[in-house]
Amino acid sequence: MTQRGSPLPEDALEEKFLAATGPGGQNVNKVATAVQLRLNVYALRLPPAVYHRLKIAAGSRWTLEGEIVLVARNARTREANRQDARARMQALVDA
């Protein structure tokens, strides 16, 4: 079980890099800089009350498989989008 503020376990996370959309120059449709981050909520082993609050907070980002899916595509680099997605996922779980 993850404690508030403790890092999310790596084995509960899955990253996939996607081609970004929108403005960004010549490489926008060629370079996969956007990141889709999936969190397997079951792997966190949360108490039922916390699980329920997280499901409500995640809203439409919650899948039928018990995953939360976030996409980060605002930055121009993979690493910046990766860090953004992980920070947002951590903040959602901590809240």
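The largest nonpolar core holds 19 residues, and L39, L54, I68 and M89 have the most contacts inside it. Such a core is a set of buried Ala, Val, Leu, Ile, Met, Phe, Trp, Tyr and Cys residues joined through side-chain atoms within 4.5 Å. The model is predicted: local features need pLDDT of at least 70, side-chain atom pairs count only at pLDDT 80 or more, and totals for chains, interfaces and linings use all residues. Residues are numbered from 1 along each chain as its sequence is written, and side-chain values use heavy atoms, with hydrogens and water left out.

- Two or more core residues come from each of β2 (34–40), α1 (48–58), β3 (67–72) and α2 (78–94).
- Helix α2 gives the most, with four residues.
- Helices (H or I, at least four residues) and strands (E, at least two) are DSSP runs, numbered from the N terminus.
- L54 touches V41, L46, W62, I68, L92 and V93, leaving aside residues up to four places away in sequence. Contact here means heavy atoms within 4.5 Å.
- In soluble globular proteins, nonpolar side chains tend to be buried together.

**Aromatic rings**

- The whole structure contains two aromatic pairs. Rings of Phe, Tyr and Trp (its six-membered ring) pair if their centres lie within 6.5 Å; planes under 30 degrees apart count as stacked, over 60 as edge-to-face and the rest as tilted.
- Y42 and Y51 are stacked, at 6.1 Å centre to centre with 20° between the planes.
- Y51 and W62 are edge-to-face, because their planes stand at 85°, with ring centres 5.3 Å apart.
- This second pair links distant parts of the chain: Y51 sits in helix α1 and W62 in the loop between α1 and β3, 11 residues apart.
- Together, the ring pairs link Y42, Y51 and W62 into a cluster.
- Y42 is partly exposed at 48% relative accessible area, Y51 is partly exposed at 24%, and W62 is buried at 13%. The cut-offs are under 20% for buried, over 50% for exposed and in between for partly exposed (1.4 Å probe, protein chains only).

**Charge over a ring**

- R78 lies over the face of F17, 4.3 Å from the ring centre. The test requires NZ of Lys or CZ of Arg within 6 Å of the ring centre and within 35 degrees of the ring normal.

**Q90 and L8**

- Q90 belongs to helix α2 and counts as buried, at 17% relative accessibility.
- Q90 and L8 are 82 residues apart along the chain, yet their C-alpha atoms are separated by 6.8 Å.
- A polar atom of the Q90 side chain lies 3.3 Å from the backbone nitrogen of L8.

Technical notes:
Polar contact = N/O pair within 3.5 Å; in protein donor to acceptor, adjacent residues only side chain to side chain.
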